[in-house]
Amino acid sequence: MNIKKNVVRLLAVVFIFTAIFSSMSGTIVHALGYTVSIGCLSAADSMNSGDAVFDAYFNDITVTSVTVKATYLSPEILYSGTINPVTKSITIPGLANGSYVVSLSRIGFLVKDIDVTVSGSNQNIGDKSLLAGDIIVDGSIDVADLGTLLSVFGSTYGDANYYPGNDFNVDGSVDIADIGMLLSNFGEPTYPWPGPDFGT
Ligand SMILES: [Ca+2]
Ligand SMILES: [Ca+2]
């Protein structure tokens, strides 16, 4: 009689442990995705002027977008998101081990492609900064971009020819400060485009 009871108890214990182990296995499988965190110093600050219409207009246009693909030329976007304009950062979730290209883009700025390898852990690849000036979006900052900026020089928010994509420092006017930002990046990129960017 005692032997029967002990066998039943043993079977019950085995059942419980099996259930617990199965549950843990499910958790482990789910945790195979890793996160990649990125800071983006050139992301525009979240506009909070008190004018809801202006804020929505400005924040929608100046948002910094993030996409993840397997390679530069891969048509499939594995993840897309936006840089948080308050924290100026993003944490990309659920990436399996492998190589990726993370692209940061903002209207008026040069796209930055970053090679990332995920290998068994979460990682933070640090702060990045986009270069202002690629108004005519062709992957380079050149005379065409400068000409466009000069054509709207002096425009301010409310003017028909004002556009946030030309107002790199987001102060509501296209002026000498924006010209200076473009000129400081004139001739970029210095590597073939599209291509890896190993800098910040
Ligand atoms: Ca350009
Ligand atoms: Ca400006």
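Here are a few friendly notes on the predicted model shown above.

1. Overall make-up. The protein has four helices and nine strands. Reading from the N terminus, the order is α-β-α-β-β-β-β-β-β-β-β-α-α.

2. Burial and contacts. The protein has 200 residues, and 20% of them count as buried. Take the contacts between residues at least 6 apart in sequence: 57% of these join residues at least 24 apart.

3. The helix pair α3 and α4. Two packed helices are described by the angle between their axes and the distance between the axes. Here the axes of α3 and α4 come within 11 Å, and they cross at roughly 180 degrees. Angles over 145 degrees count as roughly antiparallel, so that is how α3 and α4 run relative to each other. On the α3 side, the contact is made by Asp145, Leu146 and Leu149. On the α4 side, the residues are Asp178, Ile179 and Leu182. Sorted by class, this contact has four nonpolar residues, two charged residues and no polar ones.

4. Val170, in the loop between the two helices. The loop between α3 (143-151) and α4 holds Val170. This residue is not a glycine, yet its phi is positive, at about 40 degrees. Is Val170 buried, exposed or partly exposed? Val170 has 16 C-beta neighbours inside 10 Å; a residue needs 20 or more to be buried and 12 or fewer to be exposed, so Val170 counts as partly exposed.

5. Lys88, a residue with positive phi between two strands. Lys88 sits in the loop that links β3 (79-82) and β4 (89-95). Its phi is near 55 degrees, a positive value in a residue other than glycine. Around Lys88 there are 18 other C-beta atoms within 10 Å, so Lys88 is partly exposed.

6. A cis peptide bond. Which two residues are joined by a cis peptide bond? They are Glu188 and Pro189, and omega for this bond is about 5 degrees. To find Pro189 in the viewer, go to the segment after α4 (176-184).

7. Places to look in the viewer. For backbone geometry, check the positive phi of Lys88, the positive phi of Val170 and the cis bond between Glu188 and Pro189.

Methods. Residues numbered from 1 in each chain as written. Chains lettered and ligands numbered in written order. Predicted model: local features only at pLDDT ≥ 70, side-chain atom pairs only at ≥ 80, totals over all residues. Contact = placed C-beta atoms within 7 Å. Axes fitted to C-alpha atoms, helices over the stretch in contact; angles between N-to-C directions. Parallel < 35°, antiparallel > 145°, perpendicular 65-115°, else oblique. Nonpolar A, V, L, I, M, F, W, Y, C, P; charged D, E, K, R; others polar.
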